[in-house]
Amino acid sequence: MRAARRFALAAGLAAALLTSFARAQGNSASERYYRLDDFRRVTKIDAHMHVHGAAEHLLAAARRDNFRILTLNVDYPDFPPLAEQLADAITLKQRYPGRVAFAGTFSVVGFNEPGWTEKAQQQIDAALAGGAVGIKIWKNIGMALKDRDGRYVLPDDARLEPIYSRLEREHVVLLGHQAEPLNCWLPFEKMTVRSDREYFREHPQYYMAAHPEMPSHQSILAARDRMLKAHPALRFEGVHLASLEWDVDRVANFLDRFPDARVDVAARMVHLEYQAVSRRSKVQRFLIRYQDRILYGSDDAYGAQEDTETAAAQVHEDWLRDWRFLVSADRLHSEDFALSFRGLHLPKAVVDKIYRRNAEALFGPDAWH
Ligand SMILES: [Zn+2]
């Protein structure tokens with residue numbers, strides 16, 4: 001009887017201890033990790049979008065989902081003319097203070113004519129005067145623009161030097177999209193993700209495997225890196241994982257070589273998902289190790305003609321899918337490849353940096369205030 005009672009007491013004590021241990025575990029897990037349904041509660045920044053027009057439905061979705069936006073002007077023929085992109089960005093920033101910030105850009109039209117640099121500088125002046133927090137340079141440099149002799153202009157071209165020097169001197173962030181995913185240089189059947197196959201089928205002019213006369217992936221990025229070496233104080237963000245998306249070790253190597261550079265994951269989350277199929281812990285380690293230097297971005301382009309509930313709902317879906325991949329440990333599927341993978345279950349502190357704090361640190365505390 002006594003022994004039995006003692007046993008019962010001991011068992012009761014053990015159960016109580018287990019319960020409190022479980023509660024402590026539960027508490028610490030909820031302190032350390034977000035849940036899927038924390039999505040709307042957490043303030044986030046999408047630091048890579050292309051928003052044109054009034055975008056009322058998009059901004060309503062951003063408010064609901066607790067997203068702030070950085071919209072990037074791009075010298076891209078499929079987008080509205082640059083003057084219109086800049087005017088839209090300034091209007092959005094004024095209309096939604098604290099919600100929208102923007103980066104300007106410059107056109108390469110007339111690059112081979114005398115006076116091009118001054119014209120580009122004036123475009124940068126106008127963007128900065130309108131409140132731009134950065135300047136974007138696009139892949140047309142390296143992949144489309146040619147000099148008078150028919151040679152492709154690379155990112156370290158002397159005519160771009162005054163622009164880099166000015167941004168470096170004035171501490172303005174340069175957002176560089178140079179080259180493309182490595183898939184762009186591979187035959188279609190070797191490409192790792194469906195969306196790249198689709199994009200390069202639809203944009204054959206940028207499909208490098210079909211244009212052996214055009215610069216290699218390596219030569220474009222080598223020119224970018226030479227430029228960065230020559231401008232050590234330039235505040236640089238390599239968008240699209242600095243075009244080294246196929247292996248996080250490559251991105252890590254870039255970040256090690258340029259200790260002040262940042263990268264964003266815009267339109268390349270799918271490549272992290274692809275690597276998570278077989279190397280999940282490696283991707284986790286990469287994001288944790290470089291947690292101060294990686295920015296979230298969707299690269300969603302939002303057209304003036306497409307400002308509808310449906311278009312805004314699509315952006316919401318994209319945002320939520322990325323959140324689930326970074327925050328949860330759920331088993332997930334992508335439309336881009338057949339194999340499943342698990343969410344990365346990153347700690348809160350890392351999620352907060354990728355989703356907000358790194359963008360605030362890079363673009364300044366006033367960018368969204
Ligand atoms: Zn983009």
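A nonpolar core is here a set of buried Ala, Val, Leu, Ile, Met, Phe, Trp, Tyr and Cys residues joined through C-beta atoms within 7 Å. The model shown in these views is predicted.

**Figure 1. The nonpolar cores of the predicted chain.** The largest nonpolar core has 95 residues, and those with the most contacts inside it are Leu58, Leu70 and Val251. Helix H10, residues 269-289, gives the most to this core, with eight residues. Leaving aside residues up to four places away in sequence, Leu58 touches Val51, Tyr302, Asp307, Ala312 and Val315. In soluble globular proteins, nonpolar side chains tend to be buried together.

**Figure 2. The whole chain, for orientation.** The secondary structure comes to 12 helices and 11 strands. The C-alpha trace spans about 100 × 45 × 40 Å along its principal axes. Of the 369 residues, 41% count as buried. Among contacts in the chain with a separation of 6 or more, 73% are between residues 24 or more positions apart.

**Figure 3. The open sheet of nine strands.** The strand order is S8-S7-S6-S5-S4-S3-S2-S1-S9, and the pairing is parallel. S8 and S9 stand at the edges with a single partner strand each, so one side of each is left without a neighbour in the sheet. Within the sheet, strand S2 (residues 67-72) and strand S3 (residues 100-105) run parallel and are joined by four bridges. Leu72 has Ala103 of S3 as its bridge partner. In a regular strand the side chains alternate between the two faces of the sheet.

**Figure 4. The hairpin of S10 and S11.** Strand S10 (residues 331-334) and strand S11 (residues 337-342) run antiparallel, and three bridges join them. The hairpin connects S10 to S11 through two residues. Opposite Leu332 stands Phe341 of S11.

**Figure 5. Helix H12 and its bend.** H12 covers residues 348-363; at 1.5 Å a residue its 16 residues should span 22 Å, and the end C-alpha atoms are 22 Å apart, which agrees. The helix bends by about 50 degrees at Ile354. Ile354 is itself one of the buried residues of H12. An α-helix has 3.6 residues a turn, so residues three or four places apart point the same way. After H12 comes Gly364, with a positive phi near 100 degrees.

**Figure 6. Leu241, a residue with positive phi in a loop.** Leu241 is found between strand S6 (236-238) and helix H9 (248-257). Its phi is near 50 degrees, a positive value in a residue other than glycine. Most residues other than glycine have a negative phi. Because 24 other C-beta atoms lie within 10 Å of its own, Leu241 is buried; the cut-off for a buried residue is 20 or more.

**Figure 7. Asp299, in the loop between S8 and S9.** Asp299 lies in the loop between strand S8 (294-295) and strand S9 (301-302). Asp299 is not a glycine, yet its phi is positive, about 70 degrees. Is this residue buried, exposed or partly exposed? Asp299 counts as partly exposed, with 19 C-beta neighbours inside 10 Å.

Key. Residues numbered from 1 in each chain as written. Predicted model: local features only at pLDDT ≥ 70, side-chain atom pairs only at ≥ 80, totals over all residues. Expected span 1.5 Å × (residues − 1). Bend = angle between axes of the 7 residues up to and from the residue. Buried ≥ 20, exposed ≤ 12 C-beta atoms within 10 Å, placed from the backbone. Pairing = 2+ DSSP bridges. Contact = placed C-beta atoms within 7 Å.
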